[in-house]
Amino acid sequence: MNRSLGKTLLTGYGWLFFLFLYAPVALIVIYSFNANPINVMTWKGFTWDWYVGLFGGATTVSESSLYVDSTDQLLDALLTSLKVAFSATVIATVMGTCAALAMARYRFRFKGFYQALLFVPMVMPDIVLGIALLIFFVGAGISLGSTSIVIGHCTFLTSYVFIVVSARLAGMNPLVEAASADLGANEWVTFRRITLPLILPGVIGGALLSFIISMDDLVITYFISGVDSTTLPVYILSMIRRGIKPEINAIATLMLLFSIAIAAAGIYFKSRNTAQ
Amino acid sequence: MSIAFSHNPASDYLRVRNAVRHFNTPEGGVVKALDGINLNIGQSEFITLLGPSGCGKTTLLKIIAGFERLDSGKITLDSQTLLELSAHRRPVNTVFQSYALFPHMSVGDNVGYGLEVAGVKKPERVQRIGEALEMVGLAGIEKRLPSQLSGGQQQRVALARAIVNRPKVLLLDEPLSALDRHLRMKMQIELKNLQTELGICFLFVTHDQEEALTMSDRIVVLNGGKVEQLGTPTEIYHRPASRFVADFIGESNVFEGKVVRFDDFGADVQCGELLIRTEDRNLITGSAVEVMLRPEQFTLLDSSTSAAGQQVLTATLEQAVFVGSDHQLVCRLASGQQISALVRGHCHHLQVGQPLQLAYSSADVHTIPAVF
């Protein structure tokens, strides 16, 4: 009796927990189809208008009620975000993977210290990193723009890749590399034929994770983006300043879909072959 | 000219000279993994490095493979200095204890890896992969992944992957230790046959003395980074050079004593109250020796058998254990020393506490110079 009561309560708690986590997200998705242009939280009817409007299509709502100043700006911001995320991901994946290999395969002085340094950017408050990067860029005479955002993102994305690839390396038998050398392969061939294929799921997982984090980053990017290099999150923030409008729900829903797709791909690659 | 110089005497193919390798422990101590090792090994010998864990056997193997460096000393293979070559340039291949197969490659790609890296063209490669797999009794499984094989099959693939490259020396690092007893014994014979067929030098590391005795042409017994003895299995078993070898290989009864008399045919050794006759020569009166007798060198005397030409010990039976075809008898001598005897046949009539007459031949008695 007691047992089933406890089980019921626990199940109830479980549902409440997920409701708490996902209800706001679900509301954004639902209200992105709301036809009410004035009060976003009052349901008036179903419409695709906000999605159509985002991409500059003809809508039934009056032009003045759309908050997207111009579709061009929105697409510019999206393009900047994609470019930054792509560049930062490539650089961070290469650097993070190299760092993970060095930590896993070689012994050297101050190794523990270096390892700690690789974790720090992850736990450092974004605002501190943002301000620090801003001061650095200004001090070093680097003009703020896409390049500064890419450099800034690399500082913390490298840590994420490092951790994901390190976990993968830890699960790999280091003797297979010795076996490769024993069979006549030099270090480069061993890396290309043995090590890289075996850690590839981790490398791809780390890259996808980097990509989402870079696409999503607001605080650090806000500090180090120049006037002509607004990323999508920074642009959305500027839209919200002028009030919450249904287009924002539509943008949020699209970003959500995109993130879920990337995360699913990341999980798929991370878990692939781990059974061996 | 070059022909004359490339000639290698049979036991000079692989030479290890004064190999020293010390490790520093985190506690600040020093472990002498190799402490001045000298070895001469022939071109087609099956050599076993035998010793307890920490004796340096695996370190020596790793140094020959190129995974570990030497503090000082020299290693040459076929008149070529090995130590200057990095691991991937050495004409040796290793079968690892954990097999270390490439999990993302098929069996065929695993076996063909060394050939591919060496630039062997595909048609030849495919043929040699097939031959190597056939040699280890796994023909036709090229397409499978290592994870789809049993432990014994993975072992054979690892073996095929190494021998397909026709190495000058094949290094085997306790490759049978993960297999069950039945499979292990089968593999021991197969390995020996394979070595004879290939005619290349096998350097096999194990801590299992039975394995060493079964397969080897010669055994190197290592202890504390030093060679205790290098000899054929028979020599190692019947003529151990030290107390360590006598204790490590098989079971032995050892008596400490002093040579009291010697002549042209042998010597008498006084071990406490016992006087033991040996046919070992070169013993000097007064020198301290240890006398060794294997348990199976005793025969049990009863009223019907005579001890003509044999020495006899009298002991009290303490325990008799049936071990299949034989009986293991634990007896105590009048001096209080315990001895072990392995006797054939029916012993059901024996009772604990009963006095026994144990006969041995003085030809079987082996003496070891005692070290104090």
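Modeller: Let us look closely at one helix of chain A, starting with the chain around it. This is a predicted model, in which local features need pLDDT of at least 70 and side-chain atom pairs count only at pLDDT 80 or more, while totals for chains, interfaces and linings use all residues. Residues are numbered from 1 along each chain as its sequence is written, and chains are lettered from A and ligands numbered from 1 in the order in which they are written.

Chain A has 11 helices and 0 strands (helices are DSSP runs of H or I with at least four residues, strands are runs of E with at least two, and both are numbered from the N terminus). Its pattern along the sequence reads α-α-α-α-α-α-α-α-α-α-α. Of its 276 residues, 33% are buried (20 or more other C-beta atoms within 10 Å of a residue's own make it buried, 12 or fewer make it exposed, and anything in between is partly exposed, with C-beta atoms placed from the backbone). Among contacts in chain A with a separation of 6 or more, 75% join residues 24 or more positions apart (a contact means that two C-beta atoms, placed from the backbone, lie within 7 Å).

Now for our helix, H5 of chain A, which covers residues 126-140.

Which residues of H5(A) are buried? They are A:Gly130, A:Leu133 and A:Phe137. Viewed down the helix axis, these buried residues fall within an arc of 70 degrees, so they line one face of H5(A) (the arc is taken over the directions from the helix axis to the C-beta atoms).

What does the buried side of H5(A) pack against? Its buried residues meet helix H6 (146-170) and helix H9 (219-224) of chain A.

Finally, follow the chain out of the helix. After H5(A) comes A:Gly141, which has a positive phi near 75 degrees.

Note on methods
The expected span of a helix is 1.5 Å times one less than its number of residues.
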